[in-house]
Structures are given as structure tokens and as C-alpha cells.
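Subject: Structure for your files, with notes on charged side chains

Hello,

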Amino acid sequence: MLTKVFGSAVFGVEATTITVEVNVDNGVGYHLVGLPDNAIKESNYRIAAALQNNGYKIPGKKLILNMSPADLRKEGSAYDLTLAMGILVATGQIKEQNPLSDYVIMGELSLDGNLQPIKGALPIAIKAKEEGFKGFILPKQNAKEAAIVEELEVFAIENISQVIDFFNAEIPLEQTIVDLEAEFYEHLSEPEFDFADVKGQESIKRCMEIAAAGGHNIILIGPPGSGKTMLAKRLPSILPPMTLQESLETTKIHSVAGRTLEKAGIMTSRPFRSPHHTISDVALVGGGQYPQPGEISLAHNGVLFLDELPEFKRGVLEVMRQPLEDRDVTISRARFTVTYPASFMLVASMNPSPGGYFNDPDAPVTSSPAEMQRYLSKISGPLLDRIDIHIEVTPVPFEKLSDEHKGEPSTAIRERVTNARKIQSIRFTDFENIHYNAQMGVKQIRAYCKLDEASLQLLKTAMERLNLSARAYDRILKVARTIADLENVENINRTHIGEAIQYRSLDRDGWFG
């Protein structure tokens with residue numbers, strides 16, 4: 001007897017339906033084919049124990065199980081339940097009162113028949129709906145995440161016995177229903193870190209506001225203890241709240257990586273990723289033998305924070321150049337290619353010298369010019385070229401630290417940032433891949449960053465006197481455009497250009513050769 005049951009495989013952030021065919025023949029043996037990995041090959045032991053502990057068994061017959069399409073590599077332990085149900089129906093141990101063909105069935109089995117969570121439940125549910133399946137049966141821990149998809153019945157199960165009873169005796173399963181919009185707005189939590197807690201550093205807060213309003217990448221330069229990390233952690237609190245579409249995109253990536261929250265189902269706060277400087281290039285951009293999203297994709301629609309930038313291996317930093325430009329990363333293998341979205345804000349921090357102190361007469365450690373140059377040369381020009389704002393952070397004086405007065409809260413700053421982003425959304429309506437000022441190309445800069453004679457003269461003088469590099473020109477115009485948007489002013493003026501020039505510290509003569 002031949003039985004077909006359906007599962008799913010995830011490649012990149014998209015799912016592909018897998019048909020598991022189970023054929024029973026005369027003889028003895030268990031043959032699993034269709035390019036399964038070791039985790040799937042070991043499934044027969046888990047299935048045998050789970051069935052035995054629930055009053056069923058794998059019969060002593062010749063079983064051939066094919067995972068189609070057979071030339072596509074399958075991986076992971078999420079096919080245990082799929083295979084087990086196929087075996088039970090094919091060997092006649094249960095009747096098919098509800099048709100197997102109406103459902104996608106996924107789940108990892110424990111030896112007692114309980115279900116363990118799977119990865120990629122959301123992309124699988126989206127694919128199941130597209131292909132016209134009636135429902136999706138999966139572990140309870142993943143149910144809320146899959147139930148985000150409308151017009152698909154999602155059944156949360158804890159033990160294989162519930163699935164057997166559903167197909168054998170039509171004992172109904174409880175459907176998981178999620179009101180997507182209500183769920184989304186209910187979990188729009190207030191940020192954990194607030195700018196109100198930051199003492200002093202008013203100029204840096206202003207700089208962070210501009211970066212958030214225009215989506216600009218930013219680097220903070222300052223000695224240890226000046227507050228670089230503290231400020232970076234608070235950046236997500238002033239970014240505009242995620243839209244429903246952004247939330248779904250982000251949840252999809254974290255679902256593939258197995259990092260979604262069981263309670264909420266959908267991610268509502270912008271991701272903040274802060275990898276250690278020992279990270280490998282594969283872990284940062286994604287990849288591996290069986291590709292998984294890297295840190296830059298997990299930071300999609302959020303912030304990627306690289307603390308102590310020069311301590312990262314140069315090769316690791318160089319692989320970020322293309323994703324910073326294209327807003328996605330493509331990983332190619334011999335048999336397939338996957339693309340992960342990677343539209344993130346880069347926030348980096350660094351000490352100005354190996355010892356951490358620079359041009360400070362009271363510093364306990366000093367560095368020679370040669371050591372300084374060696375330290376700074378770890379950051380390549382092309383990478384620095386993709387960072388719009390450089391700002392020097394100075395230590396906070398005691399008077400400010402001991403001041404009881406609270407600073408401006410993140411909610412007030414976020415309101416101004418959100419208004420500036422709305423202006424940019426209207427401006428770039430006709431451009432498919434441009435949503436905020438940092439994404440502008442040369443054509444858009446020429447169209448939307450026109451300068452009057454006074455502004456042009458100021459920029460020319462600054463570039464000559466401060467020895468600013470040519471790369472600084474476009475960056476200054478982009479940042480000036482954002483400052484004008486924050487003030488809700490249509491044309492850039494001298495004040496905006498003057499402020500934008502301050503944010504190019506590393507382009508000045510004396511930093512990089």
C-alpha cells in the first residue's frame with residue numbers, strides 16, 4: 001500500500017513542500033531515501049520508541065520511504081511526525097478518517113511521543129496557504145507563530161497520540177487562532193533602554209537622533225567609559241515603531257533561525273544584535289554547509305552594533321561591504337542559492353587608539369603615531385565610505401553624572417524621528433528600493449540636496465580647511481538633508497550644512513594618513 005503525507009523544507013526564508021511517500025512491500029527492512037541528512041536517518045529509532053510508547057509499532061515489513069523531490073537535500077529532525085503518520089496509515093494501523101493530503105504535518109518526536117519545536121514554522125505556513133492546504137499540524141511551541149497566516153487552520157499538538165486520534169477517530173484538534181493586528185499592537189512594548197537615563201552627552205543624543213531619522217550608519221569614537229555602548233543600546237528606542245509588514249519580515253528570518261518567541265508569535269520590537277569581535281565571517285553574513293541567516297540578517301529592520309570595530313578581523317569587516325550597499329546577502333552553493341534580507345542600521349564604536357586614550361595629557365597610557373596608524377588602518381576606506389556619521393564621544397564630567405535631572409525621554413525623540421521618516425517616505429514614493437535619506441544614490445542627492453550659494457561656499461571652505469576627503473561630500477549632503485527634514489524645512493541651508501560637517505571626524509587630516 002502506498003501513502004503520501006506532506007512536510008516542508010526551508011531554504012533561505014522560503015519553504016518548499018516535501019512529499020513523503022511510504023510504500024509497504026513483502027520482506028523486511030526500513031529504507032529511507034531522498035537525500036536525508038543524519039538527523040533524518042536516525043528518525044526511525046525515535047519513531048519506533050514513540051509509537052511503541054503509545055500502543056503502536058513499526059511492523060516487520062519492507063518499508064520504503066521516499067522524500068520527494070529526491071534531489072533536494074533534507075535536513076533536521078522536524079520530519080519525525082511526518083514519517084510516523086505515513087507509516088501508520090500505510091501499514092493500516094490507523095484509518096484515514098481525515099485525509100492526510102489536506103494537511104502539512106511537521107514535528108520532532110521525543111521517545112515518549114511528545115513533540116519538540118521546529119524551525120521555520122512561519123515560512124512553512126505561508127507556503128502551505130499558497131499551495132491550498134487546509135491546515136498545518138505542528139508542535140504547540142510554534143503554533144502562535146504559524147497562526148499569523150490567515151485562512152490556514154493551525155493545530156497545536158503536544159503528543160503524537162492527539163494526531164493519531166484526529167486521523168483515526170475524527171477526534172477534533174483545538175485550532176490556534178491569532179488576531180494578527182491585535183497581537184501586533186498588544187506586544188508593541190515600551191523600550192527597555194531609554195535616553196532619559198543618559199547623563200549629559202546632549203550633542204551625541206542629537207547625533208543619534210539624526211542617524212535614526214535618516215537611517216544613517218554611525219561610528220562613535222571615544223575613550224573607555226565615555227558611554228559609547230550605553231548610547232548604542234538606546235538607539236532602537238528612538239527608531240520608528242515597526243510596521244506590520246516589517247514585523248512579518250523580521251519574524252520570518254528569526255523563525256528560520258529558530259529564535260522566535262513562543263508567547264508573542266510575532267516580533268514587534270526592532271532587533272538589536274551585538275556580536276563579539278571574535279565572530280567569523282560566516283556567522284556574521286550567514287552561510288555554512290546548510291546555510292543559515294547570519295547576524296546581519298537577524299538585525300534586518302533593526303540595529304547591528306559592532307563594539308570595538310578595529311578588534312574585528314579585517315576579512316570579517318570586508319564581507320559586510322556588499323550587504324551594506326545592496327541591503328541583502330546572497331549565499332551561493334553548488335546546487336542552490338539563497339538570499340537573506342539585510343537592511344539594517346550599522347552602529348560601530350571604537351577607541352581612538354590602542355590604549356584607549358588619544359591626545360589626553362592625563363591619560364595613563366599613550367600610543368605612538370606608528371601604533372595609532374596600525375590600529376586605525378584595520379578599518380578600510382571602502383567600509384568607512386559606507387558610514388555617514390562619525391562622532392567623537394568625550395567622558396561625562398562629574399557634575400553631569402551627579403545631576404538628578406532626567407534627560408529627554410526616548411518617546412519624545414522617537415516622535416520627531418517618525419515625523420522625519422514620514423517626510424522621506426512621501427519624497428521617495430516613486431523609488432522602489434529607497435525609503436529614507438541614507439539610501440539615496442547620486443541621482444537623488446542631486447535632485448533633493450540642492451544648495452544655495454551661501455551653503456555651497458561654506459561646504460567648499462570646510463572641505464579645503466579641514467582637509468575633508470572627496471567621499472565626505474555626498475555624506476555631508478545626505479546628513480544635511482536629514483537635519484532639514486527633522487526641522488520640516490524644504491531647502492537645505494547653511495545651518496544644516498554646518499552641523500553635518502561636524503559629523504565627519506574620521507575624514508579630517510590626522511586620523512587616516
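**Salt bridges and a charged patch**

Asp485 and Arg481 are joined through their side chains in a salt bridge (3.1 Å, N to O), the term meaning a side-chain nitrogen of Lys or Arg within 4 Å of a carboxyl oxygen of Asp or Glu. The two residues are four apart in helix α21, so about one helical turn separates them. Helices here are DSSP runs of H or I with at least four residues, strands are runs of E with at least two, and both are numbered from the N terminus. Both Asp485 and Arg481 are buried, where buried is under 20% relative accessible area, exposed is over 50%, and partly exposed lies in between (1.4 Å probe, protein chains only).

On provenance: this is a predicted model, in which local features need pLDDT of at least 70 and side-chain atom pairs count only at pLDDT 80 or more, while totals for chains, interfaces and linings use all residues. Residues are numbered from 1 along each chain as its sequence is written, and side-chain values use heavy atoms, with hydrogens and water left out.

By the salt-bridge rule the count is 19. Two further pairs join separate parts of the chain.

Helix α21 (residues 471-486) also contains Arg475. Arg475 forms a salt bridge with Asp388, and their closest N and O atoms are 2.6 Å apart. Asp388 sits in the loop between α16 (381-384) and β18 (389-392), so this pair ties together parts that are 87 residues apart in sequence. Asp388 is buried at 2% relative accessibility, and Arg475 is buried at 13%.

The other pair is Arg270 and Glu246, whose side chains form a salt bridge (3.1 Å, N to O). Arg270 is in the loop between α10 (244-256) and β11 (272-273), whereas Glu246 belongs to helix α10; they are 24 residues apart and link distant parts of the chain. Arg270 is buried, with a relative accessible area of 15%, but Glu246 is partly exposed at 22%.

There is also a network of salt bridges that links Asp197, Arg234 and Lys406.

Finally, the surface. Glu150, Glu151, Asp179 and Glu181 form a negative patch; patch residues have over 30% relative accessible area and no salt bridge, and like charges are joined within 9 Å. Asp and Glu count as negative, with the charge placed at CG of Asp or CD of Glu. Glu151 lies in the loop between α5 (143-146) and β9 (153-157) and is exposed, with a relative accessible area of 73%.

Regards

Key. Patches are made of residues with over 30% relative accessible area and no salt bridge: like charges are joined within 9 Å, nonpolar side chains (Val, Leu, Ile, Met, Phe, Trp, Tyr) within 5 Å. Accessible areas come from the Shrake-Rupley method with a 1.4 Å probe; for residues, only the protein chains shown count as cover.
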